[in-house]
Amino acid sequence: MAEPSAATLLEVRDLSMHFPVTSAGVLRRVVGQVKAVDGVSFCVREGETLSVVGESGCGKTTLGRCIMRIYDPTAGSIRYRTRNEGEVVDLTALDGRALRPYRRDIRMIFQDPYASLNPRMTVEEIVGEPLVLAGHPRNKALHRRVGDLLEQVGLRREYMARYPHAFSGGERQRIGIARALSLNPRLLVADEAVSALDVSVQAQTINLLKKLQVEYKLTYVFIAHDLSVVEYISDRVAVMYVGKLVELAPTRALFARPAHPYTEALLSAVPIPDPRLRKKVERIRLAGEIADPSNVPSGCPFHTRCAYSDGNRCVREVPALRTLEDDRQVACHYAETLELKGAPQVAT
Amino acid sequence: MDETIVEVRDLRVDFPVMAGTIEALRGVSFLLKRGKTTCIVGESGSGKSVTARSMMQILQKPGRIASGSIRYRDRDGKITDIATQPAGGRVMRAIRGREIGMVFQEPMTSLSPVHRIGEQIMEPLLLHFRLQRAEARERVLEMMARVGIPNPVQRFDNYPFQLSGGLRQRVVIAMALICEPRLLVADEPTTALDVTTQANILDLIRELQEEMEMSVMFITHDLGVVAEIADDVVVMYAGSVVETADVDTTFHAPEHPYTRALLQSVPRLSADKDLPLAAIRGMVPHPLARPRGCVFHPRCDRYLAGTCDTAEPATIAVLPEHHVKCARVGQDITQGR
Ligand SMILES: Nc1ncnc2c1ncn2[C@@H]1O[C@H](COP(=O)(O)OP(=O)(O)OP(=O)(O)O)[C@@H](O)[C@H]1O
Ligand SMILES: Nc1ncnc2c1ncn2[C@@H]1O[C@H](COP(=O)(O)OP(=O)(O)O)[C@@H](O)[C@H]1O
Ligand code: SF4
Ligand code: SF4
Ligand SMILES: [Mg+2]
Ligand SMILES: [Mg+2]
């Protein structure tokens, strides 16, 4: 687990990814912008698990893809501290060949264990491919390395010759993890990596990710929507709402004492697996739907659904992301004065 | 005594496929009570959707009900065995949509992309009742408001693509409820939705159920959702019902090792983060290669050679309304842990 003072591995500053919206028809004029990620800033500390949560379409995947440089962000910087003592590079300023060494350091685990593995490749080819692309010769050593990686993720070496279709969802997810580990990465971006798995298999995969983190001193950016999983696995949690970061805090503090009204509403909506608590907890319900990222409301993007909106400043002025005392960042005008409720079963 | 509205007994459903016969349901029995919510919970492939589809006679091919009964008691107390009714017959057409409404996981599978949503909600109404269009339209607008669709008059003319996922699911619920069915069968209706939207939809189903005194069969794999809405719970594993009980018993005094293991494997807020999650070892068996004896035995921490891997365990009633399918239940379950 990362100490509060742990070194920063990655620093995202004012990052934006705006996609053009084009009109239908032949001319395809640009008629607007989808602000999928809009001015997001945060740090990822070495060895921690930072989770990113929020409703569908709030920009989690887009953020992950910007960090992976699958997308070219439209603004901002992603400062990465390299393995060379003290050296920091801006990933957004690099391309092609210059980016290659860092592509080995930062790897991704995908959501869909079915779609993300090439069905025509054997497990050995899938797991070994990043190594081969990085110049590793196809020899006995490669074969051994793939076998070791499979054992690391709890699969038998003998499975190497098989094709993905012969594996269950949980096993395919392990193959994806072995592949991501092949180049000894430092940072893994896991986009909904356990969301599609059944609970019993999900628990195995979460345990595996935790074990690997300790063994390889890995740092995780864990994108997810299941808040119980997030609470279990993360050191800190970042909450997004229509492309913006609205709160980031250490997990315990965020769940016990949220500082942003949207975080409070999210926590309040999590079903509690105990029927005896059903009637005891008072729930906050959000009216309306998540705002449209191509037509973001004025002022605070959450004001259209916020029970605490003052109808004045909240509607006019965009709240800046501020740092509070307890290692927390929040973007709400009234963060200090609101007394918000935490998740019902978490003691303060 | 609660009135039973559906009694499913020993239901077997097969899918004859090239590689063999998939026994999707291997003798499933449970009751649905009038005005209550029964959750069917289980991991993927356990047979939840096949159970739901059997009750409407809408199994996908090559599925067929091999044996067993689904006894439905209608408004007048008359009992119909749905299991023996032809899918396209008069009886099923009268039951589907009118007596039993259905909501699926992905709202777009129930909606036509090319028709206005108001018209789609109206369709079952015109099918089952003799109504003037104007009157039917009024009822549709009323139902749209009731399921929380804002501005029904304007929304009436929208197409599904113009709505968010949460609003689409509300449209599907409006369609399922427009004829005021006595039973709502909902197959993972909130799985594709965000937690905030899910919370609203669960509230809605709960409210409508109370207002309409409807029975609900709610299928989910999310134990949190079960704890929020169920009166009774049916736990399924690999085509069998392994445990049925009221919701409090299911969560606080479960007897089946699978139910216990499932409850322990869910991450819980405020649990000790340094302990690994109590995962169930191994995985759900392939439907064509299910183990002998108790299907759960290769993964069970109570497994006893000679007892668990020989014959399929019988289902016994540990209490009048608590049924468990395990050969070792009754033996002190804390032993050997
Ligand atoms: N290539 C693209 N072109 C245009 N718009 C896009 C593109 N990719 C994403 N968007 C839009 O950006 C917003 C954020 O999308 P993103 O996929 O990052 O959401 P998400 O938080 O990952 O959602 P989910 O929880 O559903 O995975 C959405 O409104 C989406 O429609
Ligand atoms: N159309 C089909 N063809 C063949 N097998 C099917 C079909 N539909 C379901 N099955 C099988 O029936 C079993 C139960 O499936 P299902 O009811 O969909 O599970 P779930 O509990 O996830 O809803 C599974 O073994 C599945 O493979
Ligand atoms: S700034 Fe205003 S509208 Fe936005 S979250 Fe805070 S109180 Fe609500
Ligand atoms: S019959 Fe045996 S293997 Fe099956 S659940 Fe009971 S104890 Fe476990
Ligand atoms: Mg996504
Ligand atoms: Mg299903």
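Good morning. I begin with ligand 4, whose shell comprises 6 nonpolar, 2 polar and 2 charged residues. In this classification Ala, Val, Leu, Ile, Met, Phe, Trp, Tyr, Cys and Pro are nonpolar, Asp, Glu, Lys and Arg are charged, and the others, Gly among them, are polar. The residues around ligand 4 include B:Cys294, B:Cys300, B:Cys308 and B:Cys326, together with B:His256, B:His297, B:Arg302 and B:Arg328. Here a residue is near a molecule or strand if one of its heavy atoms lies within 4 Å of it.

A word on conventions. This is a predicted model, in which local features need pLDDT of at least 70 and side-chain atom pairs count only at pLDDT 80 or more, while totals for chains, interfaces and linings use all residues. Residues are numbered from 1 along each chain as its sequence is written, chains are lettered from A and ligands numbered from 1 in the order in which they are written, and side-chain values use heavy atoms, with hydrogens and water left out.

Where does ligand 3 sit? It sits in the largest cavity, meaning that more than half of its atoms lie within 2 Å of the cavity's grid points. A cavity is a set of points, on a 1 Å grid over the protein atoms alone, where a 1.4 Å probe fits but cannot get out; lining residues have an atom within 4 Å of a point. The structure holds 5 cavities of 30 Å³ or more, and the largest has a volume of about 80 Å³. Grid points are joined across faces, edges and corners, and the volume is the space filled by probe spheres set on the points. The lining of the largest cavity includes A:Phe302, A:Tyr308, A:Pro319 and A:Tyr334, and divides into 9 nonpolar, 3 polar and no charged residues.

Next, ligand 2. Of the 14 residues around ligand 2, B:Gly45, B:Gly47, B:Lys48, B:Ser49 and B:Val50 come nearest. Polar contacts are pairs of N or O atoms within 3.5 Å. An oxygen atom of ligand 2 is 2.8 Å from an N or O atom in the side chain of B:Ser49. Backbone polar atoms also take part: one of B:Val50 is 2.8 Å from a ligand 2 oxygen, and one of B:Ser46 is 3.2 Å from a ligand 2 oxygen.

Now the strands, which are DSSP runs of E with at least two residues, helices being runs of H or I with at least four, numbered from the N terminus. Two strands pair if DSSP finds at least two bridges between them. In chain A, E1 (residues 8-22) and E4 (residues 75-81) are antiparallel over 5 bridges, with A:Ile78 the bridge partner of A:Val12. E4(A) is also joined by 3 bridges to the antiparallel E5 (residues 88-90), where A:Tyr80 stands opposite A:Val89. Their hairpin has 6 residues between the strands, and A:Gly86 there takes a positive phi near 85°. In chain B, E11 (residues 315-319) and E12 (residues 322-325) pair antiparallel over 4 bridges, forming a hairpin with 2 residues between them.

Finally, two backbone features. Most residues other than glycine have a negative phi, and most peptide bonds are trans. B:Glu188, not a glycine, has a positive phi of about 50°. The peptide bond from B:Lys61 to B:Pro62 is cis, with omega near 5°.

Methods. 1 Å grid on protein atoms, 1.4 Å probe; cavity = no way out; pocket = protein on both sides within 12 Å on 5 of 7 lines; lining within 4 Å. Polar contact = N/O pair within 3.5 Å; in protein donor to acceptor, adjacent residues only side chain to side chain.
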